[in-house]
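Subject: Structure handover

Hello,

Here is the structure you asked for. Please open it alongside this note and follow along.

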Amino acid sequence: MEDTRDRVKQIFTKLFKDEAEITDLTHSSDIKAWDSLNHMMLLNDIEMEFGIKFSLDEILSMQRFGEICQVVDQKRKD
Amino acid sequence: MNDIHAISDNLFGFYRYASGISQPAGPEDRIQVVGSPGGPWPSYILGKGALKGNEVLALVNDIKEDRLPAFWIHELASENELDSILAENGIRMMNRWSGMILKRNQPFELKDDCISREITIENECEQWAGLVSREVMNSRSLDPGMVLRMQQQGRVKIFGRWQEEELVSTTLVFIETGVAGIYFVATSKDRRGKGHGTAVLCSAINACISEGLTTFVLHATSMGKGLYNRIGFADKVSYGIYWMLGKK
């Protein structure tokens, strides 16, 4: 969905305050502050933004911006 | 000792030993707290067995009021209401470990051109702690002094694997009541997928077998399970790793 990426990107920027460009390939290892704890905070904020819930497997497997947007889109359609 | 007890007792024993601080915090010694804020080891709640709803809520309240740490490792019972009560109170499961066991008295056959051996000297211990901190500890560094002290006290053995004089892989063994617990199996990011983790692990197990140990336990993430299954470890129990969101 069109606005998913923009809304997820806003959450990224708010949490990580990273000035570098965020693309679909941006990986957790590319952003210093994107550690396991902030990963939980990020996904929790995304869940609240979109009214969705991630499973533990999804939490562990999503490590790129594009992957997160893809899963969010899927859950919004369901 | 049954297998699940062996796995949990070694995990909790290692955390107690590494942190140097442990006290009961809940019903019938099924809940302990290890570590302290700012200490050499992260502070955790360690728990096992089923808990009643009111017992969980009491612990949650203590976490909210900062009387207990925000991180909780729990041995999961087959029917466990822990997840839902914790989630309702802002405590999320952030990982799940498989408790695994191997019983073996024959050494592994190792054929390769790299060196895997026990580490006993200080500068190698610093390299070891650096690799573990980078690859495993995430947002916290492991104090090499703490590791060296544990190793000198004889309860812990640390192993490294070198390729062309560079330390590429690590593991640690904690021995308690005749059971060898395996921790910190880590390989440098750019050297993964080449068998170094398997080799250093097998080398550590062989060293323990030569000293008469035959029971090995570990706690694997989903990333490591395949490697351990291939060596012969069997799944026996699960652990939930929980965190109260936003608390450090």
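Which residue stands opposite B:Q32 in strand 3 of chain B? It is B:L46. Keep in mind that this is a predicted model. My notes go region by region.

Start with strand 2 of chain B, residues 31-34. B:I31 and B:V33 point one way from this strand. B:Q32 and B:V34 point the other way. All four of these residues are buried.

Strand 2 of chain B has a partner in strand 1 of chain B, residues 22-24. The two pair in the antiparallel sense, over 3 bridges. B:S22 stands opposite B:V34 in that pairing.

**Salt bridges**

Over all chains, the structure holds 21 salt bridges. Here are some of them.

Take B:K236 and B:D3. Their side chains meet in a salt bridge, at 3.6 Å from N to O. B:K236 lies in strand 11 of chain B (residues 234-244) and B:D3 in helix 1 of chain B (residues 3-19), so the pair ties together parts that are 233 residues apart in sequence. Are the two partners buried or exposed? B:K236 counts as partly exposed, because its relative accessibility is 40%. B:D3 is buried, with a relative accessible area of 18%.

Next come B:K157 and B:E211. Their side chains meet in a salt bridge at 3.1 Å, N to O. This pair also links distant parts of the chain, 54 residues apart. B:K157 sits in strand 7 of chain B, residues 156-163. B:E211 sits in the loop between helix 6 (196-209) and strand 10 (215-220) of chain B. B:K157 counts as buried, because its relative accessibility is 13%.

Chain A has a network. Salt bridges that share partners join A:D3, A:R7, A:E49 and A:R76.

**Helix 5 of chain B**

Helix 5 of chain B covers residues 144-152. Which of its residues are buried? They are B:M146, B:V147, B:L148, B:M150 and B:Q151. These buried residues pack against helix 1, strand 6 (115-119), helix 4 (122-135) and strand 7 of chain B.

Now look at B:D143. At the start of helix 5 of chain B, a side-chain oxygen of B:D143 reaches to within 2.9 Å of the backbone nitrogen of B:G145. The side chain of B:D143 also meets that of B:R149 in a salt bridge, at 4.0 Å from N to O. B:D143 is partly exposed, with a relative accessible area of 33%. B:R149 counts as partly exposed too, at 46% relative accessibility. Just after the helix, B:G154 takes a positive phi of about 90°.

**B:H219**

B:H219 is found in strand 10 of chain B. Why does B:H219 count as buried? Because its relative accessibility is 14%, and the cut-off for buried is under 20%. A polar atom of the B:H219 side chain lies 3.2 Å from the backbone oxygen of B:I7. Leave aside neighbours within four places in sequence. B:H219 is then in contact with B:I7, B:L11, B:W97, B:S98, B:G99, B:Y183 and B:Y239.

**Where the chains meet**

How many residues does each chain bring to the contact? Chain B brings 13 and chain A brings 12. The two chains bury about 1,200 Å² between them. Of this area, 67% is on carbon and sulfur atoms. In chain B, the residues that lose the most area to chain A are B:R92, B:M94 and B:L245. Together they make up 43% of what that side buries.

Between chain B and chain A the count is 1 salt bridge. A:E47 forms a salt bridge with B:R92, the closest N and O atoms being 2.6 Å apart. Strand 5 of chain B (residues 91-103) gives the largest share of the chain B side that touches chain A, with 5 residues. The residues of that side divide into 5 nonpolar, 5 polar and 3 charged.

Best wishes

Methods
Residues are numbered from 1 along each chain as its sequence is written. Chains are lettered from A and ligands numbered from 1 in the order in which they are written. This is a predicted model: local features need pLDDT of at least 70, side-chain atom pairs count only at pLDDT 80 or more; totals for chains, interfaces and linings use all residues. Side-chain values use heavy atoms; hydrogens and water are left out. Helices (H or I, at least four residues) and strands (E, at least two) are DSSP runs, numbered from the N terminus. Buried means under 20% relative accessible area, exposed over 50%, partly exposed in between (1.4 Å probe, protein chains only). Two strands pair if DSSP finds at least two bridges between them. Contact means heavy atoms within 4.5 Å. Buried area is the accessible area (1.4 Å probe) that two parts lose on being put together, summed over both. Ala, Val, Leu, Ile, Met, Phe, Trp, Tyr, Cys and Pro count as nonpolar, Asp, Glu, Lys and Arg as charged, and the others, Gly among them, as polar. A polar contact is a pair of N or O atoms within 3.5 Å; within protein, one must be able to donate a hydrogen and the other to accept it, and residues adjacent in sequence count only if both atoms are side-chain atoms.
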